[in-house]
Amino acid sequence: MCIRDSYWYQQSVNQGNSIAMKNLGSFYFLIDNDVHNAIKYLKMAFNSGELSAAWSLGNVYKSMTNVNKNNEYMAYEWMLKAAQKNYLPAQFEVSMMLLNGEGVQANKISSFDWLTKALKIHGNQNNIWVELVKKELTSRYFFGVGVDASFLEAQKIDSAYVMELVSSGMLSSH
C-alpha cells in the first residue's frame, strides 16, 4: 500500500496536519511525477504553516522551467516566501537565484545580503546548509562577488576553505 492511500496518512491530512500535507505533496512530485497534486498539497501545507512547503514548491516550479519560463519566476517567489520566514535552505537558494538571475533580475549585492542574513541567523547550527552558506560567503569575499574582495573577511568565515582556494590555484584564475 502506498503512502498516499494509507488511511491514517489521509486522516492526518484531513485533520490539518501540515507536515502530512507537505509529505504527501512531495510524494506526488517525487514518486508519481504528479505536479498538479504536488502543488495542491504543498500550497495547502504552506497555508497551514509549514514553511518548508514553500521551499518544496519552489523546487517543483524550478524543475519545470524548461516547460514554461514563468515557472522560474514562480520558483523564485515561493523560495522567497520561505526565505523571508528565515527558512535556511530557501535563504541559500534565493541568494543563488539572485546571483544567477533565475526568476528574478540578477543582483549580486542582494544575493550577498541573503547569505549574510542566513549566516547571522543560523551560523551557530551545525548542518550542511550552514556549511554551504559559509563556503559561498567565503568565496564571495575571496573573489569580491557582491562585496568588496577581502581576504581577511573570507578567512574569518572559513579559513580552511580559503586555504583550499589558494592551494587550488583559484586565485590566479580570477
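The model is predicted, so local features need pLDDT of at least 70 and side-chain atom pairs count only at pLDDT 80 or more, while totals for chains, interfaces and linings use all residues. Residues are numbered from 1 along each chain as its sequence is written, and side-chain values use heavy atoms, leaving out hydrogens and water. Helices here are DSSP runs (H or I, at least four residues), numbered from the N terminus.

**Helix 4 against helix 5**

- Helix 4 (residues 52–63) packs with helix 5 (residues 70–84) at an angle of about 165 degrees, and their axes are 7 Å apart; axes are lines fitted to C-alpha atoms over the stretch in contact, and angles run from 0 to 180 degrees between N-to-C directions.
- That angle makes the two helices roughly antiparallel, a term used for angles over 145 degrees.
- On the helix 4 side, the contact (heavy atoms within 4.5 Å) is made by A54, W55, L57, G58, N59, Y61 and K62.
- Helix 5 contributes N71, M74, A75, W78, M79, K81 and A82 to the contact.

**The nonpolar cores**

- A nonpolar core is a set of buried Ala, Val, Leu, Ile, Met, Phe, Trp, Tyr and Cys residues joined through side-chain atoms within 4.5 Å.
- The largest nonpolar core has 31 residues, and Y61 and V94 touch the most other members.
- Helix 1 (7–14), helix 2 (18–30), helix 3 (35–47), helix 4, helix 5 and helix 6 (88–100) each supply at least two residues of this core.
- Helix 5 gives the most to this core, with seven residues.
- A second, separate core of 17 residues includes L88, V133, Y161 and V162.
- Not counting residues up to four places away in sequence, Y61 touches I39, K43, N71, M74, A75 and W78.

- R140 sits in helix 8 (residues 128–143) and is buried, with a relative accessible area of 1%; buried means under 20%, exposed over 50% and partly exposed in between (1.4 Å probe, protein chains only).
- The residues that R140 touches are S95, M96, L99, K108, S111, F112, L115, V145 and V147, not counting residues up to four places away in sequence.
- K117, in helix 7 (residues 108–122), counts as partly exposed at 33% relative accessibility.
- K117 touches N86 and Q91, again not counting residues up to four places away in sequence.
- Between the C-alpha atoms of K117 and L152, which are 35 residues apart along the chain, the separation is 19 Å.

Terms used
Parallel < 35°, antiparallel > 145°, perpendicular 65-115°, else oblique.
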